[in-house]
Amino acid sequence: MTSTLTPVRSKRSALTKGQLPKYAPYVVLAAALIAGAAILALVGFNAFGWGIVSAILFAIGLVSWSAAVEGSRKAKDKLATCLVVGSFLIALLPLFSVIWTVLVNGIPGLLNPGFLTTSMNGVTGVYDNRAVQDGTPVLGGIYHALLGTIQITLLATIISVPVGLLTAIYLVEYGNDGRLARAITFFVDVMTGIPSIVAGLFAAAFFFAVVGPGTKTGAVAAVALSVLMIPVVVRSSEEMLKIVPNELREAAYALGVRKWRTILKVVIPTAISGIASGVTLAIARVIGETAPILVTAGFATSINSNVFSGWMASLPTFIYTQILNPTSPANPDPSSQRAWGAALVLIILVMVLNLAARLIARIFAPKTGR
């Protein structure tokens with residue numbers, strides 16, 4: 001029995017010789033956390049510094065142990081792995097920090113009665129002072145701003161999607177890399193990088209020349225947002241149309257189908273998932289813009305359901321005005337609570353749009369297999 005087990009054990013030891021044990025990363029991590037806490041206790045403990053010091057100690061400890069046991073080749077591999085994982089975690093830190101901060105500060109505002117169903121019409125500093133002094137619920141909500149955001153973004157989408165999609169179709173199907181196609185591509189690239197305030201000034205100047213001075217409506221804001229949306233729609237639609245196989249087009253042409261009908265019935269349905277997700281991401285990109293809406297739509301405290309008349313509020317401008325000009329300068333906490341609640345709603349809208357983009361891409365993706 002002993003002679004049978006001995007070769008097996010020696011074989012296993014030969015296979016595992018020169019390798020770190022499986023528990024090595026956990027041992028190094030525990031030691032790094034303890035050592036990091038001890039070092040930070042001497043200079044002043046804080047969670048962020050503890051994480052950074054522990055990560056550095058973990059990388060040094062694991063790489064050194066690997067170099068001693070496994071050699072320089074495996075140690076370099078461990079070092080590269082630590083750098084990649086560390087970079088990934090560092091990239092996630094701002095995201096989790098923003099989400100956590102908005103959740104902690106925004107949930108109390110979101111739980112206020114009528115926050116989603118009332119506007120700021122008639123809400124004055126007297127109510128905020130009373131809420132702070134007596135501990136009563138904070139009055140006033142974001143219904144008017146939420147309605148304005150939906151209306152402005154919807155109109156901007158109606159303007160941007162046809163223009164952007166038709167431009168992409170021209171570039172892919174008709175442009176043939178000609179002068180006009182190259183010029184359009186150049187200006188689309190330029191428009192992709194323009195500051196949002198420039199789009200707002202353009203829309204304000206355009207309506208100033210066409211309608212008259214001082215024109216501020218939701219429609220003007222929608223035009224400003226469409227200037228920001230169109231390049232995103234063009235670029236995403238162009239890339240999706242390019243990946244449609246040419247064999248599909250050639251098969252339709254071989255059957256005598258005209259080009260416009262081939263585009264309408266073959267090319268666009270094949271690329272619709274990518275186009276739809278690109279449009280959704282373009283909406284998510286502009287829904288949080290503040291500067292162009294301040295310039296073009298102003299700010300209102302009451303509900304305005306007519307996007308073509310009167311000033312109109314939106315969630316970004318609501319947050320901006322609540323922080324910059326509190327309803328009660330003596331007690332700004334209620335205004336800050338409303339602003340954080342509106343920020344949480346805005347983040348939820350953006351997250352829903354991104355999830356919708358993924359869902360649309362999955363639903364409309366071409367079916368593969370039989």
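**Salt bridges in the predicted model**

Aspartate 128 is buried, its relative accessible area being 0%; here buried stands for under 20% relative accessible area, exposed for over 50% and partly exposed for values in between, using a 1.4 Å probe and protein chains only. The model is predicted, so local features need pLDDT of at least 70 and side-chain atom pairs count only at pLDDT 80 or more, while totals for chains, interfaces and linings use all residues. Residues are numbered from 1 along each chain as its sequence is written, and side-chain values use heavy atoms, with hydrogens and water left out.

Side chains of opposite charge can pair when their charged atoms come close. Across the whole structure, a search finds seven salt bridges, each defined as a side-chain nitrogen of Lys or Arg within 4 Å of a carboxyl oxygen of Asp or Glu. One of them joins aspartate 128 to arginine 338, with the closest N and O atoms 2.5 Å apart. This pair links distant parts of the chain, 210 residues apart: aspartate 128 belongs to helix H5 (residues 125-134) and arginine 338 to helix H14 (residues 333-364). Helices are DSSP runs of H or I with at least four residues, numbered from the N terminus. Arginine 338 is also buried, at 0% relative accessible area.

Another salt bridge connects arginine 285 with glutamate 289, whose closest N and O atoms are 2.5 Å apart. Arginine 285 is partly exposed at 34% relative accessibility, whereas glutamate 289 is buried at 13%. Elsewhere, salt bridges with shared partners join Asp189, Arg235, Glu238 and Lys242 into one network.

Within helix H9 (residues 218-242), glutamate 238 and lysine 242 sit four residues apart, about one turn of the helix. Their closest N and O atoms are 3.4 Å apart. Glutamate 238 is buried at 5% relative accessibility, and lysine 242 is partly exposed at 48%.

Terms used:
Helices (H or I, at least four residues) and strands (E, at least two) are DSSP runs, numbered from the N terminus.
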